[in-house]
Amino acid sequence: MASIAKTFPIGTPGMPWGPGEKAAWLSTRKIQRSYKEEVLQKLEGLKGRYDVQQYGALPIDEQRYPLYAVKTRNWAAGKPCVLVTGGVHGYEKSGVQGAIQFLDTTAENYTDKFNIVVAPSVSPWGYETIQRWNPQATDPNRSFNPEGEVVPGRSFNPEPATEESSALIAFLGSLGVDQWTCHIDLHETTDTDETEFRPAKAARDGITDCKPDVIPDGFYLVSDSSNPQAEWHKAMIDAVRKVTHIAPPDADGLIIGETVTQLLSYSIPL
């Protein structure tokens, strides 16, 4: 299989980026949609029904990028707690808008049985600039590590804490929840993963043998291999199948390079 043909325009092939290359990358990122109009104004409209709390702001522009979470109001100590996050990868718009739509249309149906917290747009700078990374060219989704430390052997979270992950972890810690019953993190695999992000990541990391991959077409789950919940995941997939199609594996039986464990999800240690 040939390497990805596109040469990313920043950096020297085979050499990891330093501060200069990261600054050059940041200088070329442009605002392409409005966090205020598409997210903040919608959250404002939910304040009569939920507790909408600011839990931080991104230092790159604290006025433009406040961080918000939404809590159900009849919070009770005896209920199981559910967390929904969207926009950890800012460019994945469907997770952000899906989380807001859940709040607007459905979440209240479950508040007699569950405490629910939704952080709909974890990485708002990435949302506006349509970027997977944050302004430091770091993937927030790879930075949710205890105490901000990189955990040896934990390949899925290899990067130190980011502003986005640290703010959310601190907020969740303030809620006094001993054990979250469920965390649903909403993501989207877009064509730009192949055309933009993977070439950029290869350039940033000094990798020259980055191979093409197949973008899944349809819904799939990523599950925690340390806490398998096969029946529940199957129920979710069966429910989604009634609404839209499920992503088939590629010719090698994989989804984004991972082995499919059931129809159709794959497991990694989280």
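1. Let's start with A137, which sits in the loop between α4 and α5. Its phi is positive, about 60°, although A137 is not a glycine. Most residues other than glycine have a negative phi, so this one deserves a look on screen. Is A137 buried or exposed? With a relative accessibility of 1%, A137 is buried, because the cut-off for that label is under 20%. Keep in mind that this is a predicted model.

2. On confidence: the protein chain has a mean pLDDT of 89, and 90% of its residues reach 70 or more. The stretch to flag is 266–270, where the pLDDT is below 50. Those residues still have 28 contacts in the model beyond near neighbours in sequence.

3. Next, R29, in the loop between α1 (19–27) and α2 (35–44). What relative accessibility does R29 have? The value is 18%, and R29 counts as buried because the limit is under 20%. The side chains of R29 and T28 are joined by a polar contact of 2.5 Å. Leaving out residues up to four places away in sequence, R29 touches W125, Q131 and E196.

4. Now the sheet. Five strands form an open sheet with mixed pairing, in the order β1-β2-β4-β3-β5. Which strands stand at the edges? They are β1 (51–57) and β5 (182–186); each has a single partner strand, so one side of each is left without a neighbour in the sheet. From one strand to the next, the twist averages 20°.

5. For a closer look at one pairing, take β2 (residues 66–71) and β4 (residues 115–119), which run antiparallel and pair over two bridges. Within that pairing, K71 stands opposite V117 in β4.

6. Two helices pack on this sheet. Helix α3 (residues 93–105) touches β2, β3 (81–86), β4 and β5, and its direction makes about 145° with that of β4. Helix α5 touches β1, β2, β3 and β4; the direction of α5 makes about 135° with that of β1.

Key:
Residues numbered from 1 in each chain as written. Predicted model: local features only at pLDDT ≥ 70, side-chain atom pairs only at ≥ 80, totals over all residues. Heavy atoms only, no water. pLDDT = per-residue confidence, 0-100. Contact = heavy atoms within 4.5 Å. Helix = DSSP H or I, 4+ residues; strand = E, 2+ residues; numbered from the N terminus. Buried < 20%, exposed > 50% of the residue type's maximum accessible area, 1.4 Å probe, protein only. Polar contact = N/O pair within 3.5 Å; in protein donor to acceptor, adjacent residues only side chain to side chain. Pairing = 2+ DSSP bridges. Axes fitted to C-alpha atoms, helices over the stretch in contact; angles between N-to-C directions.
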